[in-house]
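I'm opening my notebook on this one and jotting things down as I look them up.

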Amino acid sequence: MGRGTWSWIVPDGLWEIAEPLIPPSKVRPQGGGTQDTPDETLFAAIVYVLVSGCAWRALPPCFGISKSTAHRRFLIWSRAGVWGRLHEAVLHRLDDVGLIDVSRVVLDSAHVRAKKGASSQVRAPWTGVSRVPRCTSCSDANGLPLVVGVSAANTHDSEALKPMVEGHEQLSIPVDGTVQVTTAPR
């Protein structure tokens, strides 16, 4: 895809990584219906919305698909875990060529104030300010996000950290100077 129709929005090689992760479209048992939109086009449209930050309803007509089709496929692929597996596959490729630098890792979390009320969000009892859930990310020395998670706004930082670290390699240097790499239990 990188050199094809959608190269202006999808980086070189990303489609080749994503294509095997995308679940096959369901065939209607009764037949009929409209012709299925190619996954490559849907992937480009979804990447466009996610990268540009535009609303689904503002999807440009150049993709040749409706906003509801793009959004529906985004939801199907999200439920199938495509985005998490894609992130993992890209990280593995970057690690294979030595582009991930874990000499220093940064863990950061943020709350975002809910400006229009908090019907379903958590309200901080000490301030009365409503907040959406906390977004926590773990990035390498170059700022590349390695893990991203979402937790409740009233969760302590240490609780948000635990799922970030579980299952990832940990480097420990004991007093004698020998380096040990262990994997945390999943």
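This is a predicted model: local features need pLDDT of at least 70, side-chain atom pairs count only at pLDDT 80 or more; totals for chains, interfaces and linings use all residues.

I started with a pair of helices: α2 (residues 39-52) packs against α3 (residues 67-79) at an angle of about 90 degrees, and their axes are 10 Å apart. Angles of 65 to 115 degrees count as roughly perpendicular, so that is what I call α2 and α3.

Next I looked up who makes the contact. From α2 I listed Asp39, Leu42, Phe43, Ile46 and Leu50, and from α3 I listed Thr69, Ala70, Arg73, Phe74 and Trp77. I sorted the residues of this contact by kind and got seven nonpolar, one polar and two charged.

Leaving out residues up to four places away in sequence, arginine 73 touches Ser25, Asp36, Thr37, Asp39, Leu42 and Ile46.

Then I went for the largest nonpolar core, which has 25 residues. Val10, Phe43, Leu59, Phe63, Ile65, Trp77 and Leu86 touch the most other members. Which elements give two or more residues to this core? I found α1 (14-18), α2, α3 and α4 (82-96). The most comes from α2, with seven residues.

Last entry: there is a second, separate core of five residues, and Ile100, Cys138, Leu146 and Val147 are among them.

Methods. Residues are numbered from 1 along each chain as its sequence is written. Side-chain values use heavy atoms; hydrogens and water are left out. Axes are lines fitted to C-alpha atoms, for helices over the stretch in contact, and angles run from 0 to 180 degrees between N-to-C directions. Helices (H or I, at least four residues) and strands (E, at least two) are DSSP runs, numbered from the N terminus. Angles under 35 degrees count as roughly parallel, over 145 as roughly antiparallel, 65 to 115 as roughly perpendicular and the rest as oblique. Contact means heavy atoms within 4.5 Å. Ala, Val, Leu, Ile, Met, Phe, Trp, Tyr, Cys and Pro count as nonpolar, Asp, Glu, Lys and Arg as charged, and the others, Gly among them, as polar. A nonpolar core is a set of buried Ala, Val, Leu, Ile, Met, Phe, Trp, Tyr and Cys residues joined through side-chain atoms within 4.5 Å. Buried means under 20% relative accessible area, exposed over 50%, partly exposed in between (1.4 Å probe, protein chains only).
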